[in-house]
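Hello,

Here is the structure for your files. My notes on it follow below.

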Amino acid sequence: MEQRYYQPEIECASPETIKALQDERLVKQVKHVYENVPYYRDMMDKKGVKPEDIKSTADLHKLPFITKDDLREAYPYGLLAKPLSECVRIQSTSGTTGRRVVAFYTQHDIDLWEDCCARAIVAAGGTNEDVCQVSYGYGLFTGGPGLNGGSHKVGCLTLPMSSGNTERQLQFMTDLNATILCCTPSYAAYLGESLREKGYGPDDIPLKAGIFGAEPWTEEMRHDIEKTLGIKAYDIYGLTEISGPGVSFECSEQTGMHINEDHFIAEIINPETGEVLPEGEIGELVFTSLTKEAFPLLRYRTRDLCVLNRKKCSCGRTFIKMSKPLGRSDDMLIIRGVNVFPSQIETVLLKEGYSPNYRIEVDRVNNTDTFDVYVELSQEMFSDTVKDITEREAKLAAAMRTMLGIGPKMHLVAPKTIARSEGKAVRVIDKRKLH
C-alpha cells in the first residue's frame, strides 16, 4: 500500500528542519505569552526567566511548569493570550473539584488543530473517497469537533453521529458505507458486540479503519476490536488543555503515536523532581504548545506516564513517537472517556451530607467500563428501609452525574463496613488491567 501523508513536507521533514522550526516558534511563543498573559509573566518573573533567556528548545528547561492547579486558579480568563474578540470557540473538560478547564481557540487555532486530526485520518488510510463516521461526543468535549474538522479537511464525507443511539449508528454505517470509525475504544467494542448480536460479521460492514482514543485501552482490546469489526485500529491522543485529539496519532506501524512536533514539544520528566529524562526512559509527559494563539500552554504537565523514542519508522514520518500512556502520576481515572478525580466524588459526598468514607470500584465488563461507588452511612442515617436507601442512592447518583458528567452506580452501606487504612486510604480499586 502506498503510504500517504496529509502534509508530507512537515510530516517527513528532517529532524534538523523540525528542530529549527521548533526553536523559532518557541522563541516567538514565549514572547507572546510573557507579553499577553500576566499569570505566566508572574510565574516566569518568580523563576527569574525573561523571554530573551529562551533562544532555542535547549533553553526550554528554564521555563516553569504549568499544572491543572494553575488552570483552575486562572479560570476562566486568566491564561487567555488573545482578546476575547479574536476567540471563536471554547472546548472544556471537567476539573478536579467541579471547576472546569476551559480552553479558548482563535480560528487559526481551530485550523491547525483540524490539520493535526487530518494527519491522523490520512495515517489511518483516509482519503477524500472515504466516509468517516465520527461517534465521539460533540459539544464541549473535543473528540467530536476535532475529528469532524479533520475529516472535512481530508475531504471525507463526514457523518457527525456523536455518541450513543447504537441502532442509528449501525444503520448509517451500513446505509452510507462508512469506512472509517472515530470513537472511544470501548464504544467501538460495543458496536462490534451489537453487530454480532444482530447476526452480522465484519464482512457485512464496509469499515476498514478505526481511530480510537480518549480512554486507556490494551493491545488485547485492540486485537479484539480489529477482529470483531474487521478493521485496523489506530490510537490517537490529545488533551483539551493542549488542543484536543491529534496531539499525536498512530501510523500503520502501530508502535506508538507520532507527536505533531511542528505544533507541540514533548518532554519526559521525573514526576517527583521535575528533572528532564533522556529519551527511552519512563516518566511524566510534558507538552509545550508552539502555535496556539488563544490558550498557549508552556511546559504543561499532563500527569500521563509514557516513553518517547525517535527510532526510524517504516511509515516514513520523522516525528518522535510516544508510547500509549502507561499510567498516571496523579489519582485521575478515565472512565468511559471521562476524567474522574476521587476529590470530585468527595466534594459531592460532603455537600450532600455524607461522610468521606467511600470506595470507588472500576472494572471493564464486555469492553464497557463499570463504575461503582460505595459510601458509608452515618449511624444517624442508617436505616433498614430499603426504599429510603434506594431513593438516597438515586439522588446521590444524580448529584454525581452533575459533577462528573457520568453516573456511577451508588451503594450506600452500613457504618464501619468500608475497611480503614492506617496509611493512605485506598479509595480506588481499578480492576481493568489497562497497562
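Predicted model: local features only at pLDDT ≥ 70, side-chain atom pairs only at ≥ 80, totals over all residues.

Residues are numbered from 1 along each chain as its sequence is written, and side-chain values use heavy atoms, with hydrogens and water left out.

Helix 5 itself covers residues 107-123, 17 residues in total. Helices (H or I, at least four residues) and strands (E, at least two) are DSSP runs, numbered from the N terminus. From first C-alpha to last, helix 5 reaches 24 Å, close to the 24 Å expected at 1.5 Å a residue. The expected span is 1.5 Å times one less than the number of residues. Buried means under 20% relative accessible area, exposed over 50%, partly exposed in between (1.4 Å probe, protein chains only).

Next, the rings. The structure holds 8 aromatic pairs. Rings of Phe, Tyr and Trp (its six-membered ring) pair if their centres lie within 6.5 Å; planes under 30 degrees apart count as stacked, over 60 as edge-to-face and the rest as tilted. One of the pairs is Tyr-77 with Phe-104: centres 5.7 Å apart, planes at 40 degrees, so tilted. Tyr-77 sits in the loop between helix 4 (68-73) and strand 1 (89-93), and Phe-104 in strand 2 (residues 101-105), 27 residues apart. Tyr-77 is partly exposed at 49% relative accessible area. Phe-104 is buried at 4%. Phe-264 and Phe-287 also pair, with centres 6.3 Å apart and planes at 70 degrees, so edge-to-face. Phe-264 belongs to strand 10 (residues 264-269) and Phe-287 to strand 11 (residues 283-289), so this pair ties together parts 23 residues apart in sequence. Both are buried. Ring pairs also join Tyr-77, Phe-104 and Phe-295 into a cluster.

Two arginines sit over rings (CZ of Arg, or NZ of Lys, within 6 Å of the ring centre and within 35 degrees of the ring normal). Arg-222 lies over the face of Trp-217, 5.5 Å from the ring centre. Arg-359 has its charged end over Tyr-374, 4.8 Å from the centre of the ring.

Thr-166, Gln-169, Leu-170 and Met-173 in helix 7 meet Tyr-187, Tyr-190, Leu-191, Ser-194 and Leu-195 in helix 8.

Best wishes

Notes:
Contact = heavy atoms within 4.5 Å.
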